[in-house]
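Please report on side-chain packing and backbone geometry in this model.

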Amino acid sequence: MRRHVVILGAGFGGLELATRLSETLADAVDVTLLDRNDSFFFGYSKLEVMLGRQSADEVRLPYADIAKEGVTFGHETVLDIDPVARRVRTDAGTHEADFLVVAMGADYDMVVTPGLQEGGHEYYSLAGAERLRDALAEFRGGRLLVSVLGQPFKCPPAPFEGSFLLHEHFTRQGIRDAVQMSTTFPMQRPVPVTGEVSQMFREGLAARAIEELPQHLVTSIDPRTREARLANGQTLAFDLFVGIPVHRAPDPLAASGLAVNGWVPVDQANLRTKFPHVYAIGDVCTGPRTVPKAGIFAEAAALVVADDIAAEITSTAPPAPYHGSGICYAEFGDGLVSKVQVNFLQGDAPSAERHDPSREYAAEKAAFGATRRARWFGHDAASVVLAGGG
């Protein structure tokens, strides 16, 4: 008897899970892959759009291109989820699942930071990256403030990548001396997986004369006075404000009973929730130990879930536990890219290997994107992807 696997969300995790199931269980499962969007884009592509190097249309990969045996894509918005019955209602109908996988990612809460929508910018969405691109075209100098507005947030290096690339942009425009750049964040240090990795980003900020303000949390901005208010009551002046928005789980999850304290708890060994045959992977989930919200970790989790579903169906031994490991590439500007090899769930504490920025890693980053375009969408693996993984 064929089993029905319903995957909610077609990001890194959902795409890899659907692909893996098609490869290994095409004769045993029917896969329904749902997403509220009609196309995918690599999260790092927002940086290219922000800088005007690529348009939003150029970075989108239509889900219509997916052609995997046993996989059906549905452009549908999830309205509610019954994890006990494994039933999902969308704006297009109802889906009953034998195995349900929640891979819906994280949404941005723009309202929770007063003033952000009216007087600030963000580049974590394609639309936001386009608006910031237009603002940068008119910006001639002044105080630029890049601020992480809450934790957790997607892709820990991304706020600092944005600062490095903006430094490059202003330098190429010939106005860098007219721009006072600062970055604030609530953590003690940037990208705090290990001290060595954090130091690489601190060195990058210092080398570019970007003021680093750790443990500074912006709670609101005043577009009229152009001031950002901090949690400690102080203010910072700005002429251009760029915020990394507060993240939250998508709306249907709280009402479903899946989310606890904002996110979906899972057994990190196999990504199972407390509901039988219901899993959660990627940005939407949490566990006893922190794994960053980044595509590469969602992709790795998808492999474990695919193999765990296979073990359930075939009554074989379960797969090796999820390790929370992967490689993250980060832009430093001027064609330089760093690489961090990291593991979060093996050992007593996270471990990471730092590789300083180089053009070699920029080439690896391009290959990272190209191979996934080929694997998930059937595109030419030799295609050059201008931005890399994370």
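Buried means under 20% relative accessible area, exposed means over 50%, and partly exposed lies in between (1.4 Å probe, protein chains only). The model is predicted: local features need pLDDT of at least 70, side-chain atom pairs count only at pLDDT 80 or more, and totals for chains, interfaces and linings use all residues. Residues are numbered from 1 along each chain as its sequence is written, and side-chain values use heavy atoms, with hydrogens and water left out.

**Backbone**

H277 has a positive phi of about 60°, although H277 is not a glycine. H277 sits in the loop between β19 and β20 (278-280). Helices (H or I, at least four residues) and strands (E, at least two) are DSSP runs, numbered from the N terminus. With a relative accessible area of 28%, H277 is partly exposed.

N261 also carries a positive phi, near 55°, and is a residue other than glycine. Its loop runs between α8 (252-256) and β19 (264-265). N261 has 78% relative accessibility and therefore counts as exposed.

Q151 and P152 are joined by a cis peptide bond, with omega about -5°. P152 is placed in the loop between β11 (142-148) and α6.

**Aromatic pairs**

Rings of Phe, Tyr and Trp (its six-membered ring) pair if their centres lie within 6.5 Å; planes under 30 degrees apart count as stacked, over 60 as edge-to-face and the rest as tilted. Searching the whole structure gives 22 aromatic pairs.

Y108 belongs to strand β10 (residues 107-109), and Y124 to the loop between α4 (116-119) and α5 (126-138), so their pair ties together parts that are 16 residues apart in sequence. Y108, at 22% relative accessibility, counts as partly exposed. Y124, at 3%, counts as buried.

One aromatic cluster is formed by F12, F40, F42, Y44, Y63, F73, Y329, F368, W376 and F377.

**Charges over rings**

A charge sits over a ring if NZ of Lys or CZ of Arg is within 6 Å of the ring centre and within 35 degrees of the ring normal. The charged end of R372 is over the ring of F368, 3.8 Å from its centre. K293 lies over the face of W263, at 4.0 Å from the ring centre.

**Helix packing**

How do α1 and α10 pack, and at what angle? Helix α1 (residues 12-25) and helix α10 (residues 359-377) pack at about 55°, with their axes 10 Å apart. Axes are lines fitted to C-alpha atoms, for helices over the stretch in contact, and angles run from 0 to 180 degrees between N-to-C directions. α1 and α10 are therefore oblique to each other. Angles under 35 degrees count as roughly parallel, over 145 as roughly antiparallel, 65 to 115 as roughly perpendicular and the rest as oblique. On the α1 side, the contact is made by F12, L15, E16, T19, R20 and E23; on the α10 side, by F368, R372, R375, W376 and F377. Contact means heavy atoms within 4.5 Å.

**A buried serine**

S163 is found in helix α6. At 0% relative accessibility, S163 counts as buried. Not counting residues up to four places away in sequence, S163 touches V146, M181, T183, L205 and I210.
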